[in-house]
Amino acid sequence: MSTHADTPIAVIGMSCRTSGAETLTEFWDLASRAERRLRDVPADRWYGLDEQVAKANTPRAFLLDSVDGFDARFFGIAPRMAAFMDPQHRLMLELAWHAVENAGLDPESLAGEPVAVFAGAFMSDYGERMLARGKRADGAAFPGTMMAFLANRVSYQFGWTGPSMVIDSACSAGLSALGFAVQGLRSGDYPMALVGSPNLFSAGYYATNAYLGGALSPTGDSVPFSEARNGYLRGEGGACLLLKTLDAALADGDPVHAVIRSVGSAHNGRGGGLTGTDQDSQISLVERTLAASGLTPRDLGHLEAHGTGTRGGDATEIAALARLLPADRGPAAGPDGKLWVGSVKANIGHLEGAAGLIGIVKTVLALQEGTIPRIAGLGTADASLPVGDAPLGIPVENLPWPAGDVPRIGAVNAFGLGGSLSHAVVEEAPRRTAGPRVAADEEIVPLSAGSDEAVALLAGRLLRTLDGTDAPALDSLAWTLQHGRRHMKHRRALVVSDAASLRTALTAVAKGTHRPPADGIARAWEDGGTPDWQVLWKDRDLPPRAHLPGTPFRRRSCWFDDEAPSAL
(Lines give C-alpha, C1' and ligand atoms only; values in the text may rest on other atoms or scores of the structure.)
Protein backbone atom coordinates (compact mmCIF):
# COMPACT_ATOMS: atom_id res chain seq x y z
CA MET A 1 0.00 0.00 0.00
CA SER A 2 1.32 3.45 -0.95
CA THR A 3 2.19 5.69 1.96
CA HIS A 4 3.23 8.86 0.15
CA ALA A 5 2.08 12.14 1.69
CA ASP A 6 0.59 13.27 -1.63
CA THR A 7 -1.17 10.01 -2.55
CA PRO A 8 -4.45 10.86 -4.36
CA ILE A 9 -7.58 9.70 -2.55
CA ALA A 10 -10.60 8.46 -4.51
CA VAL A 11 -14.19 9.23 -3.57
CA ILE A 12 -15.81 5.91 -4.47
CA GLY A 13 -19.17 6.43 -2.75
CA MET A 14 -21.19 9.50 -1.88
CA SER A 15 -24.56 10.40 -0.36
CA CYS A 16 -26.39 13.45 0.89
CA ARG A 17 -29.69 14.68 2.24
CA THR A 18 -30.71 18.32 2.42
CA SER A 19 -33.81 20.46 2.46
CA GLY A 20 -35.58 19.46 -0.75
CA ALA A 21 -33.22 16.62 -1.68
CA GLU A 22 -32.99 12.94 -0.69
CA THR A 23 -30.53 11.89 -3.39
CA LEU A 24 -27.49 13.19 -5.23
CA THR A 25 -29.61 13.76 -8.33
CA GLU A 26 -32.15 15.81 -6.41
CA PHE A 27 -29.38 17.80 -4.74
CA TRP A 28 -27.84 18.64 -8.10
CA ASP A 29 -31.26 19.69 -9.37
CA LEU A 30 -31.56 22.14 -6.48
CA ALA A 31 -28.10 23.58 -7.10
CA SER A 32 -28.26 23.76 -10.88
CA ARG A 33 -31.79 25.25 -10.91
CA ALA A 34 -30.92 27.83 -8.23
CA GLU A 35 -33.77 26.64 -6.02
CA ARG A 36 -34.04 27.77 -2.40
CA ARG A 37 -36.05 25.70 0.09
CA LEU A 38 -36.25 28.38 2.79
CA ARG A 39 -39.10 28.00 5.28
CA ASP A 40 -40.54 29.58 8.38
CA VAL A 41 -39.40 27.64 11.43
CA PRO A 42 -42.37 26.09 13.28
CA ALA A 43 -42.36 26.76 17.02
CA ASP A 44 -42.08 23.04 17.81
CA ARG A 45 -38.93 22.65 15.69
CA TRP A 46 -36.76 25.10 17.64
CA TYR A 47 -38.32 24.14 20.96
CA GLY A 48 -37.38 26.63 23.67
CA LEU A 49 -36.46 29.52 21.34
CA ASP A 50 -36.70 32.65 23.49
CA GLU A 51 -40.04 34.35 22.81
CA GLN A 52 -38.62 37.88 22.78
CA VAL A 53 -35.83 36.83 20.44
CA ALA A 54 -38.37 35.18 18.13
CA LYS A 55 -40.45 38.37 18.03
CA ALA A 56 -37.43 40.57 17.31
CA ASN A 57 -36.27 38.37 14.41
CA THR A 58 -37.76 36.30 11.58
CA PRO A 59 -36.90 32.64 12.30
CA ARG A 60 -36.48 30.99 8.92
CA ALA A 61 -34.26 28.08 7.91
CA PHE A 62 -33.70 25.35 5.33
CA LEU A 63 -35.41 22.39 7.02
CA LEU A 64 -35.93 18.72 6.26
CA ASP A 65 -39.58 17.76 5.92
CA SER A 66 -39.33 15.85 9.20
CA VAL A 67 -36.64 15.03 11.74
CA ASP A 68 -38.40 12.30 13.73
CA GLY A 69 -38.58 9.70 10.94
CA PHE A 70 -36.24 6.70 10.94
CA ASP A 71 -36.29 3.17 9.55
CA ALA A 72 -35.34 1.41 12.79
CA ARG A 73 -36.39 -2.00 11.49
CA PHE A 74 -34.04 -1.69 8.50
CA PHE A 75 -31.09 -1.31 10.87
CA GLY A 76 -32.38 -3.83 13.42
CA ILE A 77 -32.66 -1.22 16.17
CA ALA A 78 -35.29 -1.63 18.90
CA PRO A 79 -38.03 1.06 18.92
CA ARG A 80 -37.11 2.37 22.39
CA MET A 81 -33.43 2.63 21.48
CA ALA A 82 -34.33 4.42 18.24
CA ALA A 83 -36.60 6.87 20.07
CA PHE A 84 -33.76 7.97 22.36
CA MET A 85 -31.15 8.19 19.58
CA ASP A 86 -30.18 11.70 18.59
CA PRO A 87 -31.75 12.24 15.13
CA GLN A 88 -28.27 13.12 13.92
CA HIS A 89 -27.11 9.58 14.77
CA ARG A 90 -29.99 8.20 12.73
CA LEU A 91 -29.22 10.42 9.76
CA MET A 92 -25.56 9.40 9.94
CA LEU A 93 -26.55 5.72 9.69
CA GLU A 94 -28.73 6.39 6.65
CA LEU A 95 -26.08 8.46 4.90
CA ALA A 96 -23.43 5.84 5.62
CA TRP A 97 -25.55 3.02 4.19
CA HIS A 98 -26.29 4.98 1.03
CA ALA A 99 -22.66 6.01 0.55
CA VAL A 100 -21.54 2.37 0.63
CA GLU A 101 -24.35 1.33 -1.71
CA ASN A 102 -23.44 4.20 -4.01
CA ALA A 103 -19.98 2.64 -4.34
CA GLY A 104 -21.65 -0.50 -5.69
CA LEU A 105 -20.96 -2.44 -2.49
CA ASP A 106 -23.26 -4.42 -0.23
CA PRO A 107 -22.60 -2.90 3.21
CA GLU A 108 -22.90 -6.34 4.81
CA SER A 109 -20.01 -7.60 2.67
CA LEU A 110 -17.65 -5.29 4.58
CA ALA A 111 -18.45 -6.66 8.06
CA GLY A 112 -15.26 -7.33 10.00
CA GLU A 113 -13.14 -5.11 7.76
CA PRO A 114 -10.87 -2.39 9.22
CA VAL A 115 -12.89 0.45 7.71
CA ALA A 116 -12.38 3.76 9.54
CA VAL A 117 -15.22 6.12 10.45
CA PHE A 118 -14.73 9.85 10.95
CA ALA A 119 -17.73 12.02 11.78
CA GLY A 120 -17.71 15.79 11.80
CA ALA A 121 -20.16 17.40 14.20
CA PHE A 122 -20.83 20.79 15.72
CA MET A 123 -23.41 20.26 18.42
CA SER A 124 -26.22 18.04 19.67
CA ASP A 125 -29.40 19.39 21.20
CA TYR A 126 -31.64 16.32 21.43
CA GLY A 127 -30.78 15.78 25.10
CA GLU A 128 -31.33 19.49 25.63
CA ARG A 129 -34.86 19.10 24.29
CA MET A 130 -35.47 16.15 26.61
CA LEU A 131 -34.51 18.26 29.61
CA ALA A 132 -36.61 21.19 28.44
CA ARG A 133 -39.59 18.86 28.05
CA GLY A 134 -39.07 17.49 31.57
CA LYS A 135 -38.36 14.00 30.28
CA ARG A 136 -37.18 11.57 32.90
CA ALA A 137 -33.86 9.83 32.45
CA ASP A 138 -33.74 6.68 30.34
CA GLY A 139 -30.95 4.16 29.88
CA ALA A 140 -31.42 4.22 26.09
CA ALA A 141 -30.45 7.91 26.12
CA PHE A 142 -27.05 6.96 27.56
CA PRO A 143 -25.57 6.06 24.14
CA GLY A 144 -28.31 7.88 22.24
CA THR A 145 -27.19 11.37 23.21
CA MET A 146 -23.41 10.93 23.35
CA MET A 147 -21.58 12.57 20.45
CA ALA A 148 -19.06 9.71 20.29
CA PHE A 149 -21.81 7.41 19.04
CA LEU A 150 -22.22 9.50 15.91
CA ALA A 151 -19.23 7.54 14.61
CA ASN A 152 -19.18 4.58 17.00
CA ARG A 153 -22.75 3.56 16.16
CA VAL A 154 -21.82 3.33 12.47
CA SER A 155 -18.78 1.17 13.21
CA TYR A 156 -20.90 -1.11 15.40
CA GLN A 157 -23.80 -1.31 12.96
CA PHE A 158 -21.56 -2.18 10.01
CA GLY A 159 -19.13 -4.36 11.99
CA TRP A 160 -16.13 -2.22 11.06
CA THR A 161 -12.95 -2.42 13.13
CA GLY A 162 -10.98 0.64 11.99
CA PRO A 163 -10.62 3.90 13.95
CA SER A 164 -13.94 5.50 14.88
CA MET A 165 -14.12 9.05 16.15
CA VAL A 166 -15.96 12.38 16.11
CA ILE A 167 -14.22 15.61 15.14
CA ASP A 168 -15.60 18.95 16.36
CA SER A 169 -14.08 22.11 14.93
CA ALA A 170 -17.45 23.87 14.66
CA CYS A 171 -18.41 24.81 11.08
CA SER A 172 -15.28 23.18 9.63
CA ALA A 173 -15.90 19.84 11.38
CA GLY A 174 -16.86 17.83 8.30
CA LEU A 175 -13.84 19.01 6.32
CA SER A 176 -11.56 18.50 9.34
CA ALA A 177 -12.83 14.91 9.60
CA LEU A 178 -12.03 14.45 5.91
CA GLY A 179 -8.47 15.56 6.61
CA PHE A 180 -8.01 12.95 9.33
CA ALA A 181 -9.41 10.23 7.05
CA VAL A 182 -7.07 11.20 4.21
CA GLN A 183 -4.04 11.16 6.50
CA GLY A 184 -4.78 7.63 7.71
CA LEU A 185 -5.36 6.29 4.21
CA ARG A 186 -2.08 7.75 3.04
CA SER A 187 -0.16 6.28 5.95
CA GLY A 188 -1.71 2.84 5.40
CA ASP A 189 -3.54 2.75 8.75
CA TYR A 190 -6.68 1.33 7.08
CA PRO A 191 -7.74 0.48 3.51
CA MET A 192 -11.04 2.37 3.43
CA ALA A 193 -12.61 5.26 5.33
CA LEU A 194 -16.08 6.67 5.67
CA VAL A 195 -16.46 10.37 6.45
CA GLY A 196 -19.86 11.76 7.38
CA SER A 197 -21.43 14.82 8.91
CA PRO A 198 -25.11 15.37 9.78
CA ASN A 199 -26.81 18.52 11.08
CA LEU A 200 -30.32 18.51 12.56
CA PHE A 201 -32.12 20.77 15.01
CA SER A 202 -34.13 19.66 18.03
CA ALA A 203 -34.15 22.71 20.30
CA GLY A 204 -33.86 26.48 20.28
CA TYR A 205 -31.14 27.39 22.77
CA TYR A 206 -28.37 27.67 20.16
CA ALA A 207 -30.57 29.71 17.83
CA THR A 208 -31.48 32.06 20.67
CA ASN A 209 -27.83 32.78 21.40
CA ALA A 210 -26.88 32.96 17.72
CA TYR A 211 -29.51 35.67 17.17
CA LEU A 212 -28.33 37.57 20.24
CA GLY A 213 -24.73 37.23 19.04
CA GLY A 214 -25.57 38.65 15.62
CA ALA A 215 -24.69 35.50 13.67
CA LEU A 216 -28.13 34.63 12.25
CA SER A 217 -29.99 36.76 9.72
CA PRO A 218 -32.59 38.87 11.58
CA THR A 219 -34.70 39.22 8.42
CA GLY A 220 -34.70 35.51 7.59
CA ASP A 221 -33.49 36.06 4.03
CA SER A 222 -29.78 36.56 3.44
CA VAL A 223 -27.91 35.57 0.26
CA PRO A 224 -24.13 35.07 0.34
CA PHE A 225 -22.14 37.80 -1.44
CA SER A 226 -25.24 39.96 -1.92
CA GLU A 227 -25.36 43.62 -0.91
CA ALA A 228 -28.23 42.91 1.51
CA ARG A 229 -26.59 39.97 3.32
CA ASN A 230 -26.99 40.28 7.07
CA GLY A 231 -26.22 36.93 8.70
CA TYR A 232 -26.46 33.23 8.04
CA LEU A 233 -29.48 30.97 7.64
CA ARG A 234 -29.35 27.55 9.28
CA GLY A 235 -29.75 24.40 7.22
CA GLU A 236 -30.53 20.77 8.04
CA GLY A 237 -29.02 17.82 6.23
CA GLY A 238 -25.74 16.03 5.84
CA ALA A 239 -23.30 14.25 3.57
CA CYS A 240 -21.13 11.14 3.55
CA LEU A 241 -18.11 10.03 1.51
CA LEU A 242 -16.52 6.58 1.13
CA LEU A 243 -12.79 6.81 0.40
CA LYS A 244 -9.85 4.69 -0.77
CA THR A 245 -6.47 5.52 -2.19
CA LEU A 246 -6.85 6.06 -5.92
CA ASP A 247 -4.43 3.25 -6.74
CA ALA A 248 -6.43 0.80 -4.64
CA ALA A 249 -9.74 1.97 -6.08
CA LEU A 250 -8.58 1.51 -9.66
CA ALA A 251 -7.07 -1.89 -8.87
CA ASP A 252 -10.28 -3.05 -7.16
CA GLY A 253 -12.56 -1.81 -9.93
CA ASP A 254 -14.27 0.77 -7.76
CA PRO A 255 -16.24 3.53 -9.49
CA VAL A 256 -14.62 6.90 -8.80
CA HIS A 257 -16.59 10.13 -8.37
CA ALA A 258 -13.58 12.40 -7.97
CA VAL A 259 -10.13 12.60 -6.40
CA ILE A 260 -9.15 14.38 -3.19
CA ARG A 261 -5.75 15.88 -3.94
CA SER A 262 -5.10 17.43 -0.54
CA VAL A 263 -6.77 18.60 2.67
CA GLY A 264 -5.29 21.13 5.06
CA SER A 265 -6.36 22.49 8.45
CA ALA A 266 -5.10 25.29 10.65
CA HIS A 267 -6.15 27.79 13.30
CA ASN A 268 -5.96 31.55 12.85
CA GLY A 269 -4.39 32.08 16.26
CA ARG A 270 -5.48 35.51 17.41
CA GLY A 271 -6.17 36.72 13.90
CA GLY A 272 -9.81 37.70 13.40
CA GLY A 273 -10.73 37.43 17.06
CA LEU A 274 -12.19 34.55 19.04
CA THR A 275 -15.11 33.90 16.68
CA GLY A 276 -13.74 35.14 13.38
CA THR A 277 -10.93 34.65 10.90
CA ASP A 278 -8.56 36.84 8.94
CA GLN A 279 -7.14 37.09 5.44
CA ASP A 280 -3.57 36.10 6.29
CA SER A 281 -4.63 32.83 7.94
CA GLN A 282 -6.85 31.89 5.01
CA ILE A 283 -4.15 32.73 2.46
CA SER A 284 -1.53 30.70 4.30
CA LEU A 285 -3.78 27.64 4.54
CA VAL A 286 -4.89 27.70 0.89
CA GLU A 287 -1.35 28.16 -0.43
CA ARG A 288 0.03 25.40 1.79
CA THR A 289 -2.75 22.95 0.94
CA LEU A 290 -2.40 23.52 -2.80
CA ALA A 291 1.37 23.31 -2.65
CA ALA A 292 1.12 19.89 -1.02
CA SER A 293 -0.18 18.65 -4.38
CA GLY A 294 2.10 20.76 -6.52
CA LEU A 295 -0.64 23.24 -7.33
CA THR A 296 -1.19 26.99 -7.12
CA PRO A 297 -4.40 29.05 -6.78
CA ARG A 298 -4.38 29.58 -10.55
CA ASP A 299 -4.93 25.89 -11.12
CA LEU A 300 -8.43 26.19 -9.62
CA GLY A 301 -11.54 26.68 -11.71
CA HIS A 302 -14.11 26.74 -8.93
CA LEU A 303 -13.99 27.34 -5.21
CA GLU A 304 -16.89 26.47 -2.95
CA ALA A 305 -16.60 29.27 -0.43
CA HIS A 306 -17.42 29.22 3.24
CA GLY A 307 -19.69 32.08 2.13
CA THR A 308 -22.27 32.12 4.91
CA GLY A 309 -23.88 35.47 4.15
CA THR A 310 -22.37 37.52 6.98
CA ARG A 311 -21.11 40.94 6.01
CA GLY A 312 -17.62 40.69 7.40
CA GLY A 313 -17.07 36.99 6.74
CA ASP A 314 -17.92 37.10 3.03
CA ALA A 315 -15.81 40.23 2.46
CA THR A 316 -12.80 38.76 4.27
CA GLU A 317 -12.96 35.55 2.24
CA ILE A 318 -13.17 37.42 -1.07
CA ALA A 319 -10.29 39.70 -0.06
CA ALA A 320 -8.12 36.70 0.76
CA LEU A 321 -8.89 35.04 -2.58
CA ALA A 322 -8.15 38.27 -4.45
CA ARG A 323 -4.74 38.46 -2.77
CA LEU A 324 -4.09 34.85 -3.78
CA LEU A 325 -4.73 35.76 -7.44
CA PRO A 326 -3.00 39.05 -8.28
CA ALA A 327 -3.96 40.14 -11.79
CA ASP A 328 -0.37 40.51 -13.00
CA ARG A 329 0.27 36.78 -12.65
CA GLY A 330 -2.17 35.64 -15.31
CA PRO A 331 -5.59 33.98 -15.45
CA ALA A 332 -7.09 31.24 -13.32
CA ALA A 333 -8.21 27.85 -14.71
CA GLY A 334 -11.97 28.38 -14.73
CA PRO A 335 -14.27 29.58 -17.51
CA ASP A 336 -13.17 32.95 -18.96
CA GLY A 337 -9.86 32.62 -17.13
CA LYS A 338 -11.41 33.17 -13.70
CA LEU A 339 -11.73 31.36 -10.43
CA TRP A 340 -15.47 31.20 -9.81
CA VAL A 341 -16.57 31.45 -6.19
CA GLY A 342 -19.83 29.75 -5.24
CA SER A 343 -21.85 29.01 -2.12
CA VAL A 344 -24.44 26.24 -1.98
CA LYS A 345 -25.57 27.74 1.33
CA ALA A 346 -27.83 29.94 -0.79
CA ASN A 347 -29.72 26.78 -1.82
CA ILE A 348 -29.77 24.73 1.38
CA GLY A 349 -28.59 27.00 4.19
CA HIS A 350 -25.52 26.73 6.36
CA LEU A 351 -25.25 23.08 7.45
CA GLU A 352 -22.85 24.20 10.18
CA GLY A 353 -20.67 21.18 11.07
CA ALA A 354 -21.64 19.49 7.77
CA ALA A 355 -21.05 22.58 5.61
CA GLY A 356 -17.62 21.61 4.32
CA LEU A 357 -18.61 18.07 3.42
CA ILE A 358 -21.73 19.12 1.51
CA GLY A 359 -19.44 21.58 -0.28
CA ILE A 360 -17.32 18.63 -1.39
CA VAL A 361 -20.43 16.91 -2.75
CA LYS A 362 -21.45 20.02 -4.69
CA THR A 363 -17.94 20.41 -6.12
CA VAL A 364 -17.79 16.76 -7.18
CA LEU A 365 -21.15 17.05 -8.93
CA ALA A 366 -20.09 20.28 -10.66
CA LEU A 367 -17.06 18.44 -12.04
CA GLN A 368 -19.20 15.51 -13.17
CA GLU A 369 -21.88 17.67 -14.76
CA GLY A 370 -19.45 20.15 -16.33
CA THR A 371 -21.32 23.11 -14.87
CA ILE A 372 -20.61 25.73 -12.21
CA PRO A 373 -24.01 26.60 -10.69
CA ARG A 374 -25.07 30.16 -10.07
CA ILE A 375 -25.56 31.39 -6.51
CA ALA A 376 -29.28 31.02 -5.85
CA GLY A 377 -31.10 34.27 -5.18
CA LEU A 378 -28.17 36.43 -6.30
CA GLY A 379 -28.94 38.85 -9.12
CA THR A 380 -25.84 41.01 -8.73
CA ALA A 381 -22.88 40.51 -6.44
CA ASP A 382 -22.19 43.21 -3.88
CA ALA A 383 -20.08 45.80 -5.69
CA SER A 384 -18.24 46.62 -2.47
CA LEU A 385 -16.69 43.14 -2.22
CA PRO A 386 -12.91 43.62 -2.56
CA VAL A 387 -12.41 41.70 -5.81
CA GLY A 388 -10.32 44.44 -7.40
CA ASP A 389 -8.76 43.37 -10.68
CA ALA A 390 -8.17 39.77 -9.58
CA PRO A 391 -9.46 37.04 -11.91
CA LEU A 392 -12.34 36.18 -9.59
CA GLY A 393 -15.95 35.65 -10.56
CA ILE A 394 -19.14 35.26 -8.56
CA PRO A 395 -21.61 33.34 -10.77
CA VAL A 396 -25.08 34.80 -11.25
CA GLU A 397 -25.77 32.39 -14.12
CA ASN A 398 -24.80 28.74 -14.61
CA LEU A 399 -21.45 28.46 -16.36
CA PRO A 400 -20.30 25.62 -18.63
CA TRP A 401 -17.18 23.97 -17.21
CA PRO A 402 -16.34 21.28 -19.76
CA ALA A 403 -13.53 18.78 -19.46
CA GLY A 404 -10.36 19.60 -21.37
CA ASP A 405 -6.84 18.35 -21.86
CA VAL A 406 -5.90 19.17 -18.26
CA PRO A 407 -7.91 17.78 -15.32
CA ARG A 408 -10.27 20.36 -13.82
CA ILE A 409 -9.71 21.19 -10.17
CA GLY A 410 -11.99 22.72 -7.57
CA ALA A 411 -11.58 23.53 -3.90
CA VAL A 412 -13.69 23.96 -0.76
CA ASN A 413 -13.32 26.32 2.20
CA ALA A 414 -14.80 25.67 5.64
CA PHE A 415 -14.14 28.03 8.52
CA GLY A 416 -15.09 27.14 12.08
CA LEU A 417 -16.69 29.57 14.48
CA GLY A 418 -13.73 29.16 16.84
CA GLY A 419 -11.07 29.92 14.23
CA SER A 420 -10.37 26.38 12.98
CA LEU A 421 -9.96 26.51 9.19
CA SER A 422 -10.00 23.72 6.61
CA HIS A 423 -9.40 23.68 2.87
CA ALA A 424 -9.75 20.75 0.47
CA VAL A 425 -8.66 20.36 -3.17
CA VAL A 426 -10.77 18.16 -5.47
CA GLU A 427 -9.86 16.94 -8.95
CA GLU A 428 -12.10 15.37 -11.55
CA ALA A 429 -12.05 11.58 -11.74
CA PRO A 430 -9.51 10.01 -14.09
CA ARG A 431 -11.02 9.17 -17.43
CA ARG A 432 -11.35 5.46 -17.98
CA THR A 433 -11.73 4.00 -21.43
CA ALA A 434 -14.03 1.00 -21.50
CA GLY A 435 -12.96 -1.78 -23.79
CA PRO A 436 -15.47 -3.90 -25.71
CA ARG A 437 -17.44 -6.36 -23.57
CA VAL A 438 -19.43 -9.39 -24.61
CA ALA A 439 -23.07 -8.38 -24.40
CA ALA A 440 -25.82 -10.74 -23.29
CA ASP A 441 -29.12 -10.91 -25.13
CA GLU A 442 -30.83 -9.95 -21.87
CA GLU A 443 -29.81 -8.72 -18.43
CA ILE A 444 -31.58 -9.32 -15.12
CA VAL A 445 -31.94 -6.14 -13.06
CA PRO A 446 -33.08 -6.94 -9.50
CA LEU A 447 -34.80 -4.29 -7.37
CA SER A 448 -35.62 -4.80 -3.71
CA ALA A 449 -36.57 -2.78 -0.64
CA GLY A 450 -38.56 -2.99 2.57
CA SER A 451 -41.96 -2.39 0.95
CA ASP A 452 -43.61 -2.32 -2.45
CA GLU A 453 -43.80 1.47 -2.19
CA ALA A 454 -40.06 1.67 -1.55
CA VAL A 455 -39.33 -0.55 -4.57
CA ALA A 456 -41.46 1.76 -6.72
CA LEU A 457 -39.56 4.76 -5.36
CA LEU A 458 -36.24 3.08 -6.15
CA ALA A 459 -37.40 2.45 -9.71
CA GLY A 460 -38.26 6.12 -10.10
CA ARG A 461 -34.87 7.18 -8.79
CA LEU A 462 -33.10 4.80 -11.18
CA LEU A 463 -35.03 6.37 -14.05
CA ARG A 464 -33.66 9.76 -12.99
CA THR A 465 -30.15 8.26 -12.90
CA LEU A 466 -30.54 7.13 -16.51
CA ASP A 467 -31.21 10.76 -17.47
CA GLY A 468 -27.86 11.91 -16.06
CA THR A 469 -24.74 12.86 -17.98
CA ASP A 470 -22.92 9.77 -16.71
CA ALA A 471 -25.67 7.15 -16.96
CA PRO A 472 -24.39 3.62 -16.32
CA ALA A 473 -24.29 0.96 -19.01
CA LEU A 474 -26.96 -1.72 -18.72
CA ASP A 475 -24.54 -4.50 -17.78
CA SER A 476 -22.92 -2.32 -15.09
CA LEU A 477 -26.31 -1.48 -13.59
CA ALA A 478 -27.37 -5.13 -13.59
CA TRP A 479 -24.10 -6.37 -12.06
CA THR A 480 -24.16 -3.72 -9.36
CA LEU A 481 -27.73 -4.43 -8.29
CA GLN A 482 -27.09 -8.19 -8.31
CA HIS A 483 -23.92 -8.07 -6.21
CA GLY A 484 -23.85 -4.68 -4.50
CA ARG A 485 -27.08 -4.66 -2.51
CA ARG A 486 -28.69 -6.44 0.40
CA HIS A 487 -31.62 -8.29 -1.15
CA MET A 488 -34.77 -7.54 0.82
CA LYS A 489 -38.23 -9.07 1.04
CA HIS A 490 -40.09 -6.96 -1.52
CA ARG A 491 -38.64 -7.68 -4.96
CA ARG A 492 -39.04 -6.95 -8.64
CA ALA A 493 -36.82 -8.64 -11.25
CA LEU A 494 -36.58 -6.90 -14.62
CA VAL A 495 -35.48 -8.85 -17.68
CA VAL A 496 -34.37 -6.29 -20.25
CA SER A 497 -32.33 -6.17 -23.43
CA ASP A 498 -31.41 -2.51 -23.83
CA ALA A 499 -31.80 0.97 -22.32
CA ALA A 500 -35.26 1.44 -23.83
CA SER A 501 -36.65 -1.79 -22.41
CA LEU A 502 -35.04 -0.95 -19.05
CA ARG A 503 -36.87 2.38 -18.97
CA THR A 504 -40.15 0.65 -19.83
CA ALA A 505 -39.65 -1.93 -17.08
CA LEU A 506 -38.64 0.66 -14.47
CA THR A 507 -41.65 2.79 -15.37
CA ALA A 508 -43.92 -0.22 -14.85
CA VAL A 509 -42.45 -0.82 -11.39
CA ALA A 510 -42.78 2.85 -10.50
CA LYS A 511 -46.45 2.81 -11.56
CA GLY A 512 -47.23 -0.50 -9.92
CA THR A 513 -47.93 -2.37 -13.18
CA HIS A 514 -44.93 -4.76 -13.13
CA ARG A 515 -45.63 -8.35 -14.15
CA PRO A 516 -43.63 -11.33 -12.83
CA PRO A 517 -40.87 -12.40 -15.24
CA ALA A 518 -40.90 -15.67 -17.17
CA ASP A 519 -37.12 -16.14 -16.89
CA GLY A 520 -36.35 -18.91 -14.41
CA ILE A 521 -33.52 -17.20 -12.51
CA ALA A 522 -35.35 -13.87 -12.38
CA ARG A 523 -38.57 -15.50 -11.21
CA ALA A 524 -36.76 -17.55 -8.56
CA TRP A 525 -35.13 -14.43 -7.13
CA GLU A 526 -38.36 -12.43 -7.21
CA ASP A 527 -40.06 -15.26 -5.29
CA GLY A 528 -37.45 -14.99 -2.53
CA GLY A 529 -34.75 -17.36 -3.73
CA THR A 530 -30.99 -16.86 -3.82
CA PRO A 531 -29.86 -17.77 -7.32
CA ASP A 532 -26.23 -17.94 -8.33
CA TRP A 533 -25.81 -14.70 -10.25
CA GLN A 534 -22.36 -15.81 -11.43
CA VAL A 535 -24.02 -18.18 -13.90
CA LEU A 536 -25.15 -15.13 -15.86
CA TRP A 537 -21.58 -13.90 -16.27
CA LYS A 538 -19.88 -17.07 -17.45
CA ASP A 539 -17.52 -16.36 -20.34
CA ARG A 540 -18.20 -12.62 -20.02
CA ASP A 541 -15.96 -9.77 -18.92
CA LEU A 542 -17.28 -8.35 -15.68
CA PRO A 543 -18.47 -4.74 -16.07
CA PRO A 544 -17.40 -1.93 -13.73
CA ARG A 545 -19.65 -1.23 -10.75
CA ALA A 546 -21.93 1.77 -11.13
CA HIS A 547 -22.85 4.70 -8.89
CA LEU A 548 -26.56 4.21 -8.17
CA PRO A 549 -29.10 5.72 -5.76
CA GLY A 550 -29.50 3.96 -2.42
CA THR A 551 -32.27 1.76 -1.10
CA PRO A 552 -35.23 3.93 0.02
CA PHE A 553 -35.99 3.78 3.73
CA ARG A 554 -39.39 3.27 5.35
CA ARG A 555 -39.24 5.98 7.98
CA ARG A 556 -41.58 6.01 10.96
CA SER A 557 -41.74 8.48 13.80
CA CYS A 558 -39.15 7.77 16.53
CA TRP A 559 -39.25 10.32 19.34
CA PHE A 560 -38.73 10.28 23.08
CA ASP A 561 -42.23 11.60 23.85
CA ASP A 562 -45.57 11.98 22.09
CA GLU A 563 -44.86 15.51 20.81
CA ALA A 564 -42.43 15.09 17.96
CA PRO A 565 -41.93 18.14 15.71
CA SER A 566 -44.66 18.27 13.10
CA ALA A 567 -43.81 17.37 9.52
CA LEU A 568 -43.61 20.27 7.10
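**Note on pockets, ring contacts and backbone angles**

1. By class, the lining of the largest pocket has 19 nonpolar, 15 polar and 14 charged residues. Here Ala, Val, Leu, Ile, Met, Phe, Trp, Tyr, Cys and Pro count as nonpolar, Asp, Glu, Lys and Arg as charged, and the others, Gly among them, as polar.

2. This is a predicted model, in which local features need pLDDT of at least 70 and side-chain atom pairs count only at pLDDT 80 or more, while totals for chains, interfaces and linings use all residues. Residues are numbered from 1 along each chain as its sequence is written, and side-chain values use heavy atoms, with hydrogens and water left out.

3. The largest pocket holds about 1,400 Å³ of space. Its lining consists of 48 residues, and those closest to the centre are H257, Q368, D470, A471 and H547. A pocket is an open set of points on a 1 Å grid over the protein atoms alone, where a 1.4 Å probe fits, with protein on both sides within 12 Å along at least five of seven lines; lining residues have an atom within 4 Å of a point. Points are joined across faces, edges and corners, and the volume is the space filled by probe spheres set on them.

4. Two or more lining residues of the largest pocket come from each of strand 1 (9-18), helix 1 (24-32), helix 4 (87-102), helix 14 (355-369) and helix 15 (452-466). Helix 1 gives the largest share, 5 residues. Helices (H or I, at least four residues) and strands (E, at least two) are DSSP runs, numbered from the N terminus. The pocket lies between domain 1 (9-261 + 276-428) and domain 2 (444-555), because both give residues to its lining; the domain bounds come from an automatic or database domain assignment.

5. The second largest pocket has about 550 Å³ of space. Its lining has 23 residues, with T275, G276, T308, T310 and L417 nearest the centre. Helix 9 (205-212) and helix 12 (311-324) are the elements that give two or more residues to this lining, and the largest share, 5 residues, is from helix 12. By class, there are 7 nonpolar, 14 polar and 2 charged residues in the lining of the second largest pocket.

6. There are 17 aromatic pairs in the structure. Rings of Phe, Tyr and Trp (its six-membered ring) pair if their centres lie within 6.5 Å; planes under 30 degrees apart count as stacked, over 60 as edge-to-face and the rest as tilted. F70 and F75 are stacked, at 5.6 Å centre to centre and 5° between the planes. F75 and W97 form an edge-to-face pair, because their ring centres are 6.0 Å apart and their planes stand at 90°. F75 is in the loop between strand 4 (69-70) and helix 3 (79-83) and W97 is in helix 4, so this pair ties together parts 22 residues apart in sequence.

7. Ring pairs join F70, F74, F75, W97, F158, W160 and F553 into a cluster. Within it, F70 is buried at 1% relative accessible area, F75 at 5% and W97 at 6% (buried means under 20%, exposed over 50%, partly exposed in between, with a 1.4 Å probe and protein chains only).

8. A34 has a positive phi near 55° without being a glycine. A34 is in the loop between helix 1 and strand 2 (39-40). F225, also not a glycine, has a positive phi of about 70°; F225 is buried, with a relative accessibility of 0%.
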